[in-house]
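Subject: Structure handover

Hi,

Here is the structure I promised to pass on.

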Amino acid sequence: EKGGFDSFMAKEIADQPQAVADTLLGRSDEDGRLILDELRVDEAALREIDKIVVVACGTAAYAGMVAKYAIEHWCRIPCEVELAHEFRYRDPVVNARTLVVAISQSGETMDTIMAVRHAREQGARVIAICNTHGSTIPRESDAALYTHAGPEIAVASTKAFLAQITACYLLGLYLAQLRGNKSPGEVTDILGQLHAMPDKIAKTLEGLDQVRRMARWMADTRSVLFLGRHVGFPVAMEGALKLKELAYIHAEGFAAGELKHGPIALIEPGQPVFVVVPSPTSPLHPKVVSNIQEINARGARTIVIAEEGDEDVVPYAQEVVRVPQTPALLAPLVTVVPLQVFACELAGAKGLDVDQPRNLAKSVTVE
Ligand code: F6R
């Protein structure tokens, strides 16, 4: 069932254009208007919401961080993201005007279940974003928005992550429209951009031989850093998590703006650093380019994930991995892909079991 791939993970990475397309499928009408009938939460209540809290663990929490950037930008509702296990035990401010969004591939993660229960006890409405029909988290929530990634077999999450991000965008657009922050026409335009993403993910996947080669050269690496800014920040952390999980290599993701506040001290000659670069149209682009310049000047081995046509990064990068041009908020759907492939290939090059990393279980059903 691996469809000719070496591992389920490699197959699931290749399935990502489909996972995103399927998650979008049936959620707009022929005129491109958003329809999310399954969100059976009282609309009047959703108009009254004054705060959104996303609760999740691991990769799903990084999807939540991406959601925060989109939801606050589109809906103007304060949105926080919290690791479910931290949320549950710190007496958070949650009430009937809080919308809690619980993201989980399996729907059985005990930490997230406990956070959902706690939120509901405080009177919050809970929407689950989940990949597994009938699992505990959607059953215990007020409504569910399912991701249609299909079963994810590999322990490390890949296609579910892209589908979670996609579902978060749909939820953000729904709330923005409901609350009058975006007109139906504006929502249709952004949906159109979302519908263009599966092809862009496919195009990204086609260009990754360079990343595979790099992963093989780097099989002896002891530590890899990942930098990103704005929605590139959770992507950097996800890239680091994949590398830890699969290749057992020390890896850390940082917000690029944080570099000079400490992490730059880690840079020494030869240190591999992946940098997720925002689009040249973003006001953050020159700032990240200057970060690349700084670490390059200190001898780091800079591997840059940058949009096609971004020439500013070239003088300071040892390797430039190209992704298609994408609206800023949607970029994680393409920029994370080279990082997933890198981790998968590097683990493979070390002879490790990519689908079943040591010490990990697919779903963590204990606290
Ligand atoms: C990372 C990974 C984990 C899960 C986390 C949440 O590759 O798989 O970090 O994302 O355990 O799992 P779900 O989404 O099932 O709640």
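Before the sheets, a word on pairing: two strands count as paired if DSSP finds at least two bridges between them. Helices (H or I, at least four residues) and strands (E, at least two) are DSSP runs, numbered from the N terminus. This is a predicted model, so local features need pLDDT of at least 70 and side-chain atom pairs count only at pLDDT 80 or more, while totals for chains, interfaces and linings use all residues. Residues are numbered from 1 along each chain as its sequence is written, and side-chain values use heavy atoms, with hydrogens and water left out.

(Axes are lines fitted to C-alpha atoms, for helices over the stretch in contact, and angles run from 0 to 180 degrees between N-to-C directions.) Strand 3 (residues 98–104) runs parallel to strand 4 (residues 125–130), and 6 bridges join them. Val101 has Ile127 as its bridge partner in strand 4. Contact, here and below, means heavy atoms within 4.5 Å.

A residue to look up in this sheet is Val55, which lies in strand 1. Is Val55 buried or exposed? Val55 has a relative accessible area of 0%, so it is buried; buried means under 20%, exposed over 50%, and partly exposed in between (1.4 Å probe, protein chains only). Setting aside neighbours within four places in sequence, Val55 is in contact with several residues, including Glu82, Phe87, Val101 and Thr112.

Now for another open sheet of 5 strands, which has the order 7-6-8-9-10 and parallel pairing. Its edge strands, strand 7 (250–255) and strand 10 (319–323), each pair on one side only. Direction ignored, neighbouring strands are turned by 20° against each other on average. Strand 8 (residues 272–276) pairs with strand 9 (residues 301–307) in the parallel sense over 5 bridges, and the partner of Val273 in strand 9 is Thr302. Helix 12 (residues 232–247) lies across strand 6 (223–228), strand 7 and strand 8, at about 175° to strand 7.

Thr204 lies in helix 10 (residues 197–206) and counts as buried at 2% relative accessibility. Residues that Thr204 touches include Val323 and Pro338, not counting those up to four places away in sequence.

Asp91 is not a glycine, yet it has a positive phi of about 60°. Asp91 is in the loop between helix 5 (84–88) and strand 3 and is exposed, at 67% relative accessibility. Tyr248, also not a glycine, has a positive phi of about 55°. Tyr248 sits in the loop between helix 12 and strand 7 and counts as partly exposed at 25%.

Cheers
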